[in-house]
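Here is my note on the model you sent over. Have it open on your screen while you read, and go through the points in order.

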Amino acid sequence: MIQNLAFYLFSFILLASAVMVVTNRNPVHAVLFLILGFVNAAVLFLLAGAEFLAFILAIVYVGAVAVLFLFVVMMLDVDFAALHEGFQRYAPVGALVALIMFAELAFIAGTWAIAPAGSADRLFPTPSDVSNTVALGQLIYTSYLPLFQLSGVILLVAMIGAIVLTHRDRKRSLQQDLFVQHTRTPAQTLAMVRAPLGVGVALPEQPQEETL
Amino acid sequence: MMPFWDTYLGILILTVLKTLALVVPLLIGVAYLTYFERKVMGAIQLRKGPNVVGPFGLMQPFADALKMLTKETIIPTGADKVLFVLAPMITFGLAIIAWAVIPVNNGWGIANINVGILYLFAVSSLGVYGVIVAGWASNSKYAFLGALRSAAQMVSYEVSMGFVIVTVLILAGSLNLNAIVLAQKHLWFAVPLFPLFIIFFISGLAETNRAPFDLAEGESEIVAGFFVEYSAMSFALFFLGEYANMIMISGMTTVLFLGGWLSPLPFLPGGVLWFLIKVFICLFVFVWVRATLPRYRYDQLMALGWKVFLPISLVYLVAVAGVVEYFGWLPHA
């Protein structure tokens, strides 16, 4: 009973915050509602007994991705009026995507309703004797190893792509090389000169500093 | 009929009692950690520290709390009011709820969950929101700069912290904190993983925004960073949250590397006392570091996180996994 109540409570918050993400005028508030949505999705995973997925969702999406997202939204002055202009044009596409997803969901739920025993015929039914972290590991690192590796490679390629796109080899600030700095000795930089009266000193040979 | 403690009401009452048994000592600990820090720093800097209020200044934390409570809470005109009030609560709340899974003695954690270490990691990575929300909601340049700094810092150091934790998990063979401590029965992980132990502790300093990584509040450059606009109790919540986080990181270090409640001497029994002593030593190092080291510059901080800690922890992870696999030392193998 309490499980059901918790499920409805958290899924209500999830849906409400999802609506707020789309309708909110303040972009920072929208991102914060998105984070609330992530947290509630994690709680729903937890209620379904998938504790590993729940915390990974919290760590990866809430702890890392959303922080950077929030960062960008706070720094940029997003012009929401301009974004809303495209609404009419993209609405049909969005509706189509929503329709397909809804049909798929209905399909899955329908299968459960028609043949409740069908879920036992799955290729890898959820094992009951080990915790789901172990179960996931045993599946990912055996049967699905190539796919798992492949997704890692895709992420690597994306990362390299992002670096290539944003990297500019341009020095904007003076940087010190700590090793060079620490190994400097007075002998390299300091010369004690006694200036004779009326003669002055000639400037010592300056070591050519590399220009930035 | 079921025994009372198995009914919903019974479980609820029991959990509330357990929580109180943890939170009350924790809050007193936080209060006296501020006193401890001032005394230790006083000793290091050849001063006396607080010594006026009560015997040896022992009532000082309560005097401070009273002062904070009677001050006026000021909300700046341009601030986002809801978020401005919410931010200190997030910081303090997260610092407290992390303690739900920490086992202070064998099986004494309030929630002995399967993925305890992931829970801790998730909660500590959420801590950045209190800071970033506070900085943005204050609608002040200094606060915003502080928030940006600290967000970048916390995200960077979490990565190497994650790798350190994964290495510990390889040796422990479990994500359950109780099991991680029990896996150190014969050898504390601080011995085989000594470099990672150091990296974890330093990342902990960065994660809690403590000196020498307290750039977020760097009072000499951006006044007080993200909480420059806060006053009275909302300021106190940030302050307490920082100290509660220090105790939490010390607790994590103790559980992951220093054998939790296990006794260092084989002939003595383990227990809560050992856990407290280890946490206390970690806290002393926190204070010691603050009194000794100057603040890092921002680019040095980033360079340390990404160019030193991350490669070392990554290589160490692969090396440990290789060695453990080669010699067949894997747990459950």
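1. Let's begin with a cavity. The lining of the second largest cavity splits into five nonpolar residues, four polar and one charged. Here Ala, Val, Leu, Ile, Met, Phe, Trp, Tyr, Cys and Pro count as nonpolar, Asp, Glu, Lys and Arg as charged, and the others, Gly among them, as polar. Its lining residues include B:L94, B:M154 and B:E207, and its volume is about 70 Å³. Helix 4 and helix 9 of chain B are the elements that give this lining two or more residues.

2. Some ground rules before you go on. This is a predicted model, where local features need pLDDT of at least 70 and side-chain atom pairs count only at pLDDT 80 or more, while totals for chains, interfaces and linings use all residues. Residues are numbered from 1 along each chain as its sequence is written, chains are lettered from A and ligands numbered from 1 in the order in which they are written, and side-chain values use heavy atoms, with hydrogens and water left out.

3. What is a cavity, then? On a 1 Å grid over the protein atoms alone, it is a set of points where a 1.4 Å probe fits but cannot get out, and lining residues have an atom within 4 Å of a point. Grid points are joined across faces, edges and corners, and a volume is the space filled by probe spheres set on the points. Searching the whole structure turns up three cavities of 30 Å³ or more.

4. Now look at the largest cavity, at about 150 Å³. It has 14 lining residues, and B:T91, B:V131, B:T208, B:N209 and B:N245 are the closest to its centre. Helix 9 of chain B gives the most to this lining, with four residues. By class, you get five nonpolar, six polar and three charged residues. Helices here are DSSP runs (H or I, at least four residues), numbered from the N terminus.

5. Which residues touch the most other members of the largest nonpolar core? They are B:Y129, B:I180 and B:F257, in a core of 112 residues. Helix 4 of chain B (residues 116-137) gives the most to this core, with 15 residues. Such a core is a set of buried Ala, Val, Leu, Ile, Met, Phe, Trp, Tyr and Cys residues joined through side-chain atoms within 4.5 Å. Buried means under 20% relative accessible area, exposed over 50%, and partly exposed in between (1.4 Å probe, protein chains only).

6. Rings of Phe, Tyr and Trp (its six-membered ring) pair if their centres lie within 6.5 Å; planes under 30 degrees apart count as stacked, over 60 as edge-to-face and the rest as tilted. The count is 21 aromatic pairs over all chains. A:F7 and A:Y8 have ring centres 5.4 Å apart and planes at 75°, so they pair edge-to-face. A:F7 is partly exposed at 38%, whereas A:Y8 is exposed at 58%.

7. Is B:Y35 buried or exposed? B:Y35 is buried, at 11% relative accessibility, while B:Y32 is partly exposed at 24%.

Technical notes:
1 Å grid on protein atoms, 1.4 Å probe; cavity = no way out; pocket = protein on both sides within 12 Å on 5 of 7 lines; lining within 4 Å.
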